[in-house]
Amino acid sequence: MAEKQTTIFRQLIFNVVLPAILALLLLGILNYSNTKNILINTNEEKNLIISDEITHILELRDMALEILEGELNKRMESISNKLVKEIFADTRLIEIADLKRLQKELHMNPEFEDIYIINHRGIVVNTTFQEDKGLNLFDIGIEHKNMLLEILGRGEYVSERFAMGANTSFLKKYTYHATLDQRYIVEIGVRSAKAEEIVQKIKDRMNGLADKQSSILTVDLFIGSDNPFSLNADVKLDENHLEIYREVINSESTRSFEEGTRKSRLNYDYIFMPRKNTDLYAGGVIRIVSDFSKQRRILRIEAIKFLGIFGLTMLVVILLLYRKTKVITDPIKKLVQNVNQITDGHLNERADVTGNNEITRLSEKFNLMIAQLEEYYNELEQKVRERTAEIEKQKEEIMAQRDSLEEQRNMLSDANTSLQEAYEDIEEKNRHIEDSIRYAKRIQNAILPPDQYVRRLFTDYFILYLPKDIVSGDFYWVSHTDNKAFIAAVDCTGHGVPGAFMSIVGHDRLNYAVNVEEARHPSDILDSLNRGVTGTLRQTRSELSVKDGMDIALLSIDFDKNKLEYAGAFNPLYHIRDNELHKIAGDKFPIGAFVGEELNKFNNHELDLKSDDVLYVFSDGYPDQFGGERNKKFMTKRFRELLMEVHSQPMKKQKELLTQRIHDWMGENEQVDDILIIGIRI
């Protein structure tokens, strides 16, 4: 009773309120997602603007440094030529030469201008800048090493742009000049106060970019490939970031990723920036580190606010709806009570008529109906009394008719004789029908592959085939082509004559798929079978409530390559290896479809086989058989356990054990379906 009283309220909740709740919730989620995407896009645009600004700043820096380099190039080339072509034309004493004295003779500024002698192994063997003596320049990076080796090999003079010193943070301009015998490189390094002033202003400008956006923590520019260093801050990259940095340098691309905890996550943007007029550091990478934690907290707070307001609104709506429905349900409950009393025979009961709505109209019509029912009841009682009097009168007439019963008995005897003759006629027709079915069994057996054909393809196997009726809806199919052996266990809709007709259709379409359409993979064969069965039956939804079709497990075995392919419609493949059973499930749709339905595609499964592997395919007749002490189904679990119990036995013995077990389980019960099991040992 309580369930009926709350039905209207529940239906209003599920049919009216719930869709509105879902719509509002979806709207809130979309709004949250759009807001989040807008914030992400805004941050990306900010980073692009900053990276573009850094690029322009560095271009201006390079232009300014290029002007300064123009003033230094002639002097440095003159000094380099003097050292290489005159002073060190003979390099035998170059490693012990007094470079300090030469520095004075060449009028070089000892605070800003230095001389370096580098041997063919990249080691600074003599220099006026003692901090760099013994330094192996090859260790700086592969780019630097390749450049020095190329200068030695070609015996040329190279002027590089301003760069950081290996052991200092000084900005220097370097020139490299191979000696005449190409055994050493004479390097000139020059510091420039103007260049350092320009670079410092650029650093200050870049470091100030992060202050423009609260979410941006740092902005750094790294150059170099093997051992990158920052031009604007004392920052080093850890191993993970160094790997990403090199990827960006090599691919000249952009990478973004996040690191950190759930509460605080930092966003890293690595943006490639090309550099011109330099062989040593041809590219740089801008790194922008951002913290979006504040924005994420704002999004979470907005989401919590939305959920709170949403939940409160829904609670108010449900309470109001409950109060309104009581106006409807209370009169209906009273009306139900009246109906129950009238059902118990109290036809004088009447419903209360109150208010001015549809329930009021219903109560009025109900009272009118009960009044008419009471009137009909009274009339019926009067007719019963009159009919009783008529029966008493007819009783006397029945007594008079008793004598005629003997005559009628004789007539029944004659009728029995006629029935016996009809029975014999029916028996004769049944024999004709059974003979026809047995002939159909011969036809069906003819489509099954001969034992000698199967033995040529599978040396160690068994086929357990137990039709429920004379003819069967289960059948097995075997074929061989292109060095592949095919075998299938097929379960058609129904059993007996209908199933037998379906088996003939399935057998024909399987042969057509392999021999005419040249399908070679189980999935392709099932797709062809599906099209063929659907086209052959041409069944529509209006014709039958259950469509005709079939379940199937199809194997393809290449014994030379020990390869197995499998496809199935509902029916699985059981594969036992190393005393473990593995199930490969078929697709969850059958062969056959209604006209107009889109045909599903079957999946193809591949498996490498090993010696002593055991394969089983089957119909559902064995697991569905009723029997046992409680007259229950055998079930799939018990069937798998039975296969694990017998799989190590010879295949012929397995067939005997399976047959004995199902007969013991069946007992006196009737076989409920056709049974088909195929076992193959590799």
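The model is predicted, so local features need pLDDT of at least 70 and side-chain atom pairs count only at pLDDT 80 or more, while totals for chains, interfaces and linings use all residues. Residues are numbered from 1 along each chain as its sequence is written, and side-chain values use heavy atoms, with hydrogens and water left out.

- Leaving aside residues up to four places away in sequence, I678 touches F462, I463, Y476, I487, A488, A489, L615, Y616 and V617, where contact means heavy atoms within 4.5 Å.

**Strand 11**

- Six of the six residues of strand 11 (residues 461-466) are buried, so the strand is largely enclosed by the rest of the structure; buried means under 20% relative accessible area, exposed over 50%, and partly exposed in between, with a 1.4 Å probe and protein chains only.
- Y461, I463 and Y465 point one way from strand 11, whereas F462, L464 and L466 point the other way.
- Strand 11 pairs with strand 22 (residues 675-681) in the antiparallel sense over six bridges, pairing being assigned if DSSP finds at least two bridges between two strands, and the bridge partner of Y465 in strand 22 is L676.

**Charged side chains**

- The count comes to 20 salt bridges, each being a side-chain nitrogen of Lys or Arg within 4 Å of a carboxyl oxygen of Asp or Glu.
- K468 forms a salt bridge with D469, the closest N and O atoms being 3.6 Å apart, and K468 also forms one with E670, where the closest N and O atoms are 3.2 Å apart.
- E670 lies in the loop between helix 14 (651-666) and strand 22 and K468 in the loop between strand 11 and strand 12 (474-481), so this pair ties together parts that are 202 residues apart in sequence.
- At 59% relative accessibility E670 counts as exposed, whereas K468, at 22%, counts as partly exposed.
- The side chains of D612 and R681 meet in a salt bridge (3.3 Å, N to O), and R681, at 13% relative accessibility, counts as buried.

Key. Helix = DSSP H or I, 4+ residues; strand = E, 2+ residues; numbered from the N terminus.
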